[in-house]
Amino acid sequence: MRASPGLHLDYVSLAEYQAARWGDVLGVATFNGAAPAPSCAAEIPVAQVRTPVLAGTGHVCEVWRCDTPATSGRRARVRFRSTEDMLFGCIALSEAPECPAPAGRAPRQSALHEATMQAYREICATLDAENYPHLLRVWNYLPDINRDSHGSERYWQFNTARQQVLRECGRALTGSVPAASALGAASDSPLVVYFLAGRTAPTFLENPRQVSAYHYPRQYGSHSPMFSRATLLRQSGGLALFISGTASIVGHRSLHAGDTAAQTRETLANIEALLEEANRVAHGARFELGALACKVYLRRPADLPVIKAELAAALGAGTRLIYLQADICRQDLLVEIEAAGMCPLRADA
Ligand code: 3EB
């Protein structure tokens, strides 16, 4: 995508990525557990996400490029690459094997809680040390996201730990929180988190149709998920919009239980509401559904034809789509869609 200067996103096959130039690559996420391509420079941070790719070639690389010079680095287990104003980073942490708490003692926090705390502490430390204070967009992939352990669902444990670290690092807990996605990954996969951060403050957007996630009532967990519905970033000559994982939620409730087609339509209505919000807030912006790059997560691979049909009816041919199998953080949700778009700013804006 080369419509405007600044950050660019491409979905390509591993072969295409290997053949392409990598000089302007900021970071990569692969979605089939593929190892980093041997021909690609070892200094590019690659998040290896273990979610099956549906339709297409069986593997996908999400490639973030930037047209300004970049340098790579590492801090603890965070690998990163940064330009003058943007940093891409990733971390993968395995959960330590759990041993039962000694008799009579309170049960320990889960290994996922611990891994999440470590990941977010190292991310915050990296951003502080490298001076990219604004977390813009975070992708979280947790093995067995819906499984119960230690008396709660693992997604809830993740939320508790994420919130705890953001609090201890003095970061915002409402309002200025990044756009995010949190999905399941293969059972034996590590916790994988990758992110984009910047030097200048973006604008965080909420969806008028939805309760802010950080204000969800307690029925969805003792600690709310800390994310904004979208992030709008002004870049040289244009705007970037990062839309969080979006599902069939209106207010705070999941709608259309069991009806994949209706959930897909509701999700699109939510994304359209966010585009409207972005265009209202950013004078001169004209984000459109048909010009987005979308990552579609399906709980059940068999729902692919239904979801594809709904999206074909709603989206233009210009929309770039990839389909991944992943569990979604609420049991009743069957589909979730995240998106990114860049648009030039009109000269008079
Ligand atoms: C939702 O709207 C669906 O915990 O970071 C979407 C995006 C969801 C991000 C997160 C969760 C997260 O609540 C789930």
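Predicted model: local features only at pLDDT ≥ 70, side-chain atom pairs only at ≥ 80, totals over all residues.

Q: Fine. How many cavities of 30 Å³ or more are there?
A: Two. The largest cavity holds about 60 Å³ of space.

Q: Which residues are closest to the centre of the largest cavity?
A: Arg137, Trp139, Glu338, Ala339 and Ala340. They belong to a lining of 14 residues.

Q: Which strands supply at least two residues each to that lining?
A: Strands E1 (7-12), E5 (61-66), E9 (134-143), E16, E19 and E21.

Q: How does the lining of the largest cavity divide by class?
A: Ten residues are nonpolar and four are charged.

Q: Which element gives the most to the lining of the second largest cavity?
A: E9, with three residues. H3 also supplies at least two. By class, seven lining residues are nonpolar, one is polar and one is charged.

Q: Which elements give two or more residues to the lining of the largest pocket?
A: Helix H3 (154-168), strand E12 (179-185) and strand E16 (238-246).

Q: How many of the lining residues are charged in the largest pocket?
A: Six. Another twelve are nonpolar and five are polar.

Q: What about the second largest pocket, how much space lies in there?
A: About 260 Å³. Of its 19 lining residues, Ala96, Pro97, Gln109, Ser110 and Ala111 lie nearest the centre.

Q: Which helix has the largest share of the lining of the second largest pocket?
A: Helix H2 (residues 111-130), with four residues. The whole lining has nine nonpolar, five polar and five charged residues.

Q: Stay on H2. How many residues does H2 have, and what is its span?
A: H2 has 20 residues and reaches 28 Å from first C-alpha to last. That is close to the 28 Å expected at 1.5 Å a residue.

Q: What follows H2?
A: Asn131, with a positive phi near 65°.

Q: Switching to the sheet. What is the order of the seven strands in the open sheet?
A: E4-E20-E19-E21-E16-E15-E14, with mixed pairing.

Q: Why is one side of E4 and of E14 left without a neighbour in the sheet?
A: Strand E4 (53-54) and strand E14 (203-205) stand at the edges, and each has a single partner strand, so one side of each has no neighbour in the sheet.

Q: Parallel or antiparallel for E19 and E20?
A: Parallel, over six bridges. Strand E19 covers residues 293-298 and strand E20 covers 320-325.

Q: Which strands does helix H4 touch?
A: Helix H4 (residues 260-281) packs on the sheet and touches E14, strand E15 (230-235), E16 and strand E21 (335-344). The direction of H4 makes about 150° with that of E16.

Q: And which strands does helix H5 lie across?
A: Helix H5 (residues 304-314) lies across E4, E19, E20 and E21. H5 runs at about 160° to E20.

Technical notes: Residues numbered from 1 in each chain as written. Heavy atoms only, no water. Nonpolar A, V, L, I, M, F, W, Y, C, P; charged D, E, K, R; others polar. 1 Å grid on protein atoms, 1.4 Å probe; cavity = no way out; pocket = protein on both sides within 12 Å on 5 of 7 lines; lining within 4 Å. Points joined across faces, edges and corners; volume = space filled by probe spheres on them. Expected span 1.5 Å × (residues − 1). Pairing = 2+ DSSP bridges. Contact = heavy atoms within 4.5 Å. Axes fitted to C-alpha atoms, helices over the stretch in contact; angles between N-to-C directions.
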